[in-house]
Amino acid sequence: MKQTIALRIGRSALVAALAGGVVLAGVAPAANAAPAQKATLGPFGYGSLKLGMTEAQAKATGLIVRKRIKAPTTCATYDLKTQRYSGDRAGLFISKKQGVVTISGPGTVKTPQGIGRGSTPAQLKAAYPNLKQNAMYGTFATVPGNPKASYIFLVSKRMVVGVVLVLTAQNCLR
């Protein structure tokens, strides 16, 4: 039986998935090139990395690097090359059955609704009026345009400090 994300993600795994951050560095476009579209987290992934991709497909994007952690998971763990975590933290979990099930937003990346690290709680509530709260797991919302996914927001009193895109029914984090 599949359970919602609020019942499946353990507190330490959630904090590990959201902690840390590196600001992405960009490359200036050529003079006659169209402006580059800024990468966002969601509704289906981050850049060419998509929820549901197999491990082989995710590796083929060139965006990830293997990361072995000591955590209660049966899934493969990775980091984005632009967002490397220290210790037993990982930014990406890949299930053998479901493919990519979590992608932690790197640096200051935002959702298509403009929410990311540094957003205020008021901005978060305005962008996602149907936020759900759980004392153990934090603040989360269904992803607009992808009812199979949720955003998990790590929120301090004054700002959002992390965002994770996750398949709502997944088998990696307990």
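Tyr78 sits in strand 4. At 3% relative accessibility, Tyr78 counts as buried (buried is under 20% relative accessible area, exposed over 50%, partly exposed in between, with a 1.4 Å probe and protein chains only). Strands here are DSSP runs of E with at least two residues, helices are runs of H or I with at least four, and both are numbered from the N terminus.

This is a predicted model, in which local features need pLDDT of at least 70, side-chain atom pairs count only at pLDDT 80 or more, and totals for chains, interfaces and linings use all residues. Residues are numbered from 1 along each chain as its sequence is written, and side-chain values use heavy atoms, leaving out hydrogens and water.

- Strand 3 (residues 64–66) runs antiparallel to strand 4, joined to it by 3 bridges (two strands pair if DSSP finds at least two bridges between them).
- Across that pairing, Ile64 stands opposite Leu80.
- Strand 4 also pairs with strand 5 in the antiparallel sense, over 3 bridges.
- Tyr78 has Leu92 as its bridge partner in strand 5.

**Around Tyr78**

- The C-alpha atoms of Tyr78 and Ile64 are separated by 6.3 Å, though the two residues are 14 residues apart along the chain.
- Tyr78 touches Glu55, Lys59, Ile64, Val65, Arg66, Lys67, Ala90, Gly91, Leu92 and Ile94, not counting residues up to four places away in sequence (contact means heavy atoms within 4.5 Å).
- Arg66 lies over the face of Tyr78, at 5.3 Å from the ring centre (a charge sits over a ring if NZ of Lys or CZ of Arg is within 6 Å of the ring centre and within 35 degrees of the ring normal).

**Around Thr77**

- Thr77 is also placed in strand 4 (residues 76–80).
- Its relative accessible area is 4%, so Thr77 is buried.
- The side chain of Thr77 reaches the backbone oxygen of Lys67 at 2.3 Å.
- Residues touched by Thr77 include Arg66, Lys67, Ala90 and Phe93.

**The nonpolar core**

- The largest nonpolar core has 34 residues, and those with the most contacts inside it are Leu49, Val100 and Phe153 (such a core is a set of buried Ala, Val, Leu, Ile, Met, Phe, Trp, Tyr and Cys residues joined through side-chain atoms within 4.5 Å).
- At least two residues of this core come from each of strand 4, strand 5 (92–95), strand 6 (99–104), strand 8, strand 9 and strand 10.
- Strand 10 supplies the largest share of this core, 4 residues.
- Leu49 touches residues including Phe44, Ile64, Leu80, Leu92 and Val100.

- Strand 8 (residues 138–143) and strand 9 (residues 146–155) run antiparallel, joined by 5 bridges.
- These two strands form a hairpin with 2 residues between them, and Gly145 in the turn has a positive phi of about 90°.
- Ala141 stands opposite Tyr151 in strand 9.
- Strand 9 and strand 10 run antiparallel too, joined by 7 bridges.
- They form a hairpin with 4 residues between them.
- Ser150 has Val166 as its bridge partner in strand 10.
- Thr168 lies in the segment after strand 10 (160–167).
- Thr168 has a relative accessible area of 18%, so it is buried.
- The side chains of Thr168 and Ser150 are joined by a polar contact of 2.8 Å (a pair of N or O atoms within 3.5 Å; within protein, one must be able to donate a hydrogen and the other to accept it, and residues adjacent in sequence count only if both atoms are side-chain atoms).

**Aromatic pairs**

- The whole structure holds 3 aromatic pairs (rings of Phe, Tyr and Trp, the last by its six-membered ring, pair if their centres lie within 6.5 Å; planes under 30 degrees apart count as stacked, over 60 as edge-to-face and the rest as tilted).
- One of them, Tyr128 with Phe153, is tilted, at 5.2 Å centre to centre and 45° between the planes.
- Tyr128, in the loop between helix 4 (121–127) and strand 7 (132–134), is 25 residues apart from Phe153 in strand 9.
- Tyr128 and Phe153 are buried.
- Tyr151 and Phe153 have ring centres 5.8 Å apart and planes at 45°, so this pair is tilted.
- Tyr128, Tyr151 and Phe153 form one aromatic cluster.

**A cis peptide bond**

- The peptide bond from Gly42 to Pro43 is cis, with omega near 0°.
- Pro43 lies in the loop between helix 2 (11–18) and strand 1 (45–46).
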